[in-house]
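The sequence and structure come first.

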There are 2 protein chains.
Amino acid sequence: MMVRNYEILNEKVYSEKLENGLRVIIVPKPGFKKTFACFATKYGALINRFVPYGETDYLDVPLGIAHFLEHKMFEMPDGSDATDLFAKMGLDANALTNYLMTGYLFSGTANIKEGIELLLDFVQTPHLTEENVLKEQGIIAQELKMYMDDPNDALHLGLMKNLFRAYPLRYDVGGTLDSIIKITPEYLYKCYETFYHPSNMILIIVGDIDAIMSNSTNSHEMLLDLIRANQAKKVFKKPLDIRKNILVEDETANKSSGYAKMDISIPKVAVGLKLPFEKYEKNDAMMMELKMKVLLEATIGPTTDAFQEMLDLELITGNIYYDVYTDGICGFIKIQANTNKPKQFIAYIREKLLSLSNIKLEEEVFNRFKKSLLGNFLRALNNLDYIGYNYLEYSFKESDVFEAIGLFSKLNIEDLKALEKYFKVEAISDYTIIPKNMLFSKI
Amino acid sequence: MMVRNYEILNEKVYSEKLENGLRVIIVPKPGFKKTFACFATKYGALINRFVPYGETDYLDVPLGIAHFLEHKMFEMPDGSDATDLFAKMGLDANALTNYLMTGYLFSGTANIKEGIELLLDFVQTPHLTEENVLKEQGIIAQELKMYMDDPNDALHLGLMKNLFRAYPLRYDVGGTLDSIIKITPEYLYKCYETFYHPSNMILIIVGDIDAIMSNSTNSHEMLLDLIRANQAKKVFKKPLDIRKNILVEDETANKSSGYAKMDISIPKVAVGLKLPFEKYEKNDAMMMELKMKVLLEATIGPTTDAFQEMLDLELITGNIYYDVYTDGICGFIKIQANTNKPKQFIAYIREKLLSLSNIKLEEEVFNRFKKSLLGNFLRALNNLDYIGYNYLEYSFKESDVFEAIGLFSKLNIEDLKALEKYFKVEAISDYTIIPKNMLFSKI
């Protein structure tokens, strides 16, 4: 088992690739009561076209299929539900699908070894029938309708459709009402066979490994043996390179503006900047997110003059939210607020974003926001779920959380200059949700 | 007027942006009898979605519309044809549309000033009616059918469809039989208004400027005055930034292999490597093409051991052709030959391409092929059409032909290492055309 020490952060990470290709990551957290484990595949809503395992031609699958498959994994061949089995052990289980990954996770304070076995077992026994797929279509349709009625979700999706013309971020992770009815057990099995092969998956365990293994010597090796034994009982096909095909995009936004009406009382606005496809090398994705966050925090964050000005001019009614996202392929920046002056807010934020095509930040300001971002991260290292989940998510983006944090701490103000090229007028779009009785021309 | 001297090449280039946005480039070639002029717009088959001049929403236009518009420009409002008018002056006129640009050009030895005026005038007077568009649909349909019957065109397009899933290189510049019937005068005018604005165009003139201007002092300024006066007579709208939207792609080929049957006697094969979208800075596009050419010439060119081996093994029946293309957005490498052993040829070329993921080239070999490429270029500088056309083409790819050649002459063998990342199995595809009576499984 390979061990890496991140001395500045005082973190240690054990890593091993099993014979079947499964990567196991163990992050020891001595003294912590809780353990977090997540078993994840590099497969999410981004992938709707791929060559199924053992085949030669590309297959287009319905939108939302990764999320659909996640729902169905909990159903066990004997009719039981994996969530219930975890609950009986006193463990909290859950799952999530995003654009990049599908993860199955649990946390708890006892029965961790049993939990890990159950986690591996239930994810490695798909049980899909015509009947249970049909039932799930109804359940997911309800879930999608709920999202569609949520103004924040509608705002986000509206902005994404404005930014992207074909890249899957323009669709909900869950797909659409039209797409999910096309999902069949056959499609699901093809996705499962291709993306749930151990060689496309990572298992991460964060916690007091010595305590889990009853203080045996070399506890991380013992834990690995348990996982090895579990895997050895199962038969896997030969690992194959997965061929997937995603339509990527340049920096030009699909539409520059748009709006919708919903049953709300104060208009909601999101302004977005498209981050185009480019080659991300190791740690680039995480560094991009961190650098952009410093820049946004220093430009419109709550301690800036700009923020005070927006309050004074009544361009915002309260807080302002921003988000920086990249999946290591494409990405976006989103700035969102509730406002009674949507058009003025949009103009203000657009101007601020465009001003970043020539970054003029003072050393002192840069260092202050860099430190605050680092501080947030170091505090988060006490949160096992946060470490485990983020380590996985960034692994799939070819970034090492601990390494990137080390690199980020050495960042200079000059390193931000490379971001200037992203702040172009054609990369920007906005989307507004207004109350039903309002006229868009009047806002 | 700005002048740049490229001392190593002994070339001088005058450049000026007129008030209406038109860029004029004058390349003096003292002592040359012939003059070459080309008036071109940065608008070709890549663009099928854009915001029309004065509008706010994106418009999808039928495939092949840039090429269609080129055909129609020669028709003059008074019923005459511009080609005939050039011919009467003793000038040879022509036009071309590729993925990146549409150019109108003429060359000749006398009446150059008149030719330049006619060139500007005919391109700046669109004449499009329901009737003449309908007639042109029939003409272009014939042209497309001719291409479809050509085995080399079919081979190229087959490979492009294998490499690209959505990027417009997968379509013929002329569009499809289905798309051209959808073209209307209204669509054509929207394309014209948007992309034929002077601010999106370049006029280049290559020749003995002193002789053209009857040996007046400051002949290039006099020539510019003539162009200025011509433009001053016309009314143009305000220049606007053009918003266009192209689906770009990552390095994964759409399909890894494919074939078709045609009425030929020896199979034809093309092996392609996809060059993904990435940010091209100034001169990158031309440097990419040049570096790739050196690499291919040194790997499978006619003086290599590999070429001899392919002949000995009877993998090729004669020459081998390769092409390197980038439009500054995406691109490809294509290697093509006639062969009686298609599958073995494909396997051989694939292996050669993959071996370039670790470039091992001797200094001496590199310098030899670099010199030969440079030599070809320097010889080509005597060809006015070549200079004029290439200068334009590369301008639209943000590359300066003379500058890039200077940079290329300073290239080291180590600079090729950066190309290694492109040579990946998932980026490669092949396409074969076999004789009608042959079985693909038997080749």
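## Hairpin in chain B

In this predicted model, strands S1(B) and S2(B) form a hairpin with 4 residues between them. Asn10(B), in the turn, has a positive phi of about 55°.

S1(B) spans residues 2–6 and S2(B) residues 11–17; the two strands run antiparallel and are joined by 5 bridges. Arg4(B) stands opposite Val13(B), a residue of S2(B).

## Helix packing in chain B

Two packed helices are described by the angle between their axes and the distance between the axes. For H13(B), residues 363–380, and H15(B), residues 401–409, the axes come within 11 Å and cross at roughly 155°. Angles over 145 degrees count as roughly antiparallel, and H13(B) and H15(B) are therefore roughly antiparallel to each other. Their crossing is left-handed.

On the H13(B) side, the contact involves Lys370(B), Leu373(B), Leu374(B) and Phe377(B); these meet Val401(B), Ile405(B), Phe408(B) and Ser409(B) of H15(B). By class, the contact between H13(B) and H15(B) has 6 nonpolar residues, 1 polar and 1 charged.

## Ile65 in chain A

Ile65(A) belongs to helix H1 of chain A, which covers residues 65–73. The relative accessible area of Ile65(A) is 1%, so this residue is buried, the cut-off being under 20%.

Leaving aside neighbours within four places in sequence, Ile65(A) is in contact with Tyr43(A), Ile183(A), Tyr187(A), Leu188(A) and Cys191(A). Ile180(A) lies 115 residues from Ile65(A) along the chain, and the C-alpha atoms of these two residues are separated by 7.3 Å.

Conventions:
Residues are numbered from 1 along each chain as its sequence is written. Chains are lettered from A and ligands numbered from 1 in the order in which they are written. This is a predicted model: local features need pLDDT of at least 70, side-chain atom pairs count only at pLDDT 80 or more; totals for chains, interfaces and linings use all residues. Side-chain values use heavy atoms; hydrogens and water are left out. Axes are lines fitted to C-alpha atoms, for helices over the stretch in contact, and angles run from 0 to 180 degrees between N-to-C directions. Angles under 35 degrees count as roughly parallel, over 145 as roughly antiparallel, 65 to 115 as roughly perpendicular and the rest as oblique. A crossing is left-handed if the near helix is turned anticlockwise from the far one by less than a right angle, and right-handed if clockwise. Contact means heavy atoms within 4.5 Å. Ala, Val, Leu, Ile, Met, Phe, Trp, Tyr, Cys and Pro count as nonpolar, Asp, Glu, Lys and Arg as charged, and the others, Gly among them, as polar. Two strands pair if DSSP finds at least two bridges between them. Buried means under 20% relative accessible area, exposed over 50%, partly exposed in between (1.4 Å probe, protein chains only).
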